[in-house]
Amino acid sequence: AAGGVGIAIQNCIEYIQSNNLQLPIIVEVKNVHEFNIIKEFEMIDRILIDNFKPDDIKALLKHNTTNKIILSKSVIECVLKIIQFSSAASLAKISI
């Protein structure tokens, strides 16, 4: 409808800026492609990836350095069973 996730976010940012609003921008993405587009926008506060498959989450956590990723408690439990890493807090901010 908006022409893609990147255009939708750009429109949102323009609206916030033109109305002098100070609002957090939280985006839920459907796949790695959308994630890669969204992570480039500095004004995005959080990226929700709850609907990702475990292998997609694993890839995101391995190859992305953004601290904007939000995982639900159930997703974290699943990921911890699949991925072993030293510090979950250093890879993702956690929202329960």
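**Surface, pairing and fold**

Analyst: To begin with the surface of this predicted model: Tyr15, Leu21 and Leu23 make up a nonpolar patch there, and their accessible area together is about 300 Å².

User: Where in the chain is Leu21 found, and is Leu21 buried or exposed, or partly exposed?

Analyst: Leu21 belongs to the nonpolar patch with Tyr15 and Leu23. Its place is the loop between helix 1 (5-18) and strand 1 (25-28). Patch residues need over 30% relative accessible area. Leu21 has 34% and is therefore partly exposed.

User: How many salt bridges does a search of the whole structure find, and which side chains meet in a salt bridge?

Analyst: Side chains of opposite charge can pair when their charged atoms come close. The cut-off for a salt bridge is 4 Å from nitrogen to carboxyl oxygen. A search of the whole structure finds one. At 3.8 Å, N to O, the side chains that meet are those of Lys30 and Glu34.

User: Which class of accessibility does Lys30 fall in, and which does Glu34?

Analyst: Buried means under 20% relative accessible area, and exposed means over 50%. Lys30 has 65%, so Lys30 counts as exposed. Glu34 has 14%, so Glu34 counts as buried.

User: What is the bridge partner of Ile25 in strand 2, and what is the handedness of the β-α-β crossover?

Analyst: Strand 1 and strand 2 (residues 44-48) run parallel and are joined by four bridges. Ile25 has Ile44 as its bridge partner in strand 2. Between the two strands the chain passes through helix 2 (residues 32-38), and the crossover is right-handed.

User: What pattern does the protein chain follow along the sequence?

Analyst: The secondary structure comes to five helices and four strands. Read along the sequence, their order is α-β-α-β-α-β-α-α-β.

User: Among contacts between residues at least 6 apart in sequence, what percentage join residues at least 24 apart?

Analyst: A contact here means heavy atoms within 4.5 Å. Among the contacts between residues at least 6 apart in sequence, the part that joins residues at least 24 apart is 36%.

Key:
Residues numbered from 1 in each chain as written. Predicted model: local features only at pLDDT ≥ 70, side-chain atom pairs only at ≥ 80, totals over all residues. Heavy atoms only, no water. Patch = residues over 30% accessible without salt bridge, like charges linked within 9 Å, V, L, I, M, F, W, Y side chains within 5 Å. Areas by Shrake-Rupley, 256 points an atom, 1.4 Å probe, with all protein chains shown as cover. Buried < 20%, exposed > 50% of the residue type's maximum accessible area, 1.4 Å probe, protein only. Pairing = 2+ DSSP bridges. Right-handed = clockwise from strand over helix to strand, strands pointing away.
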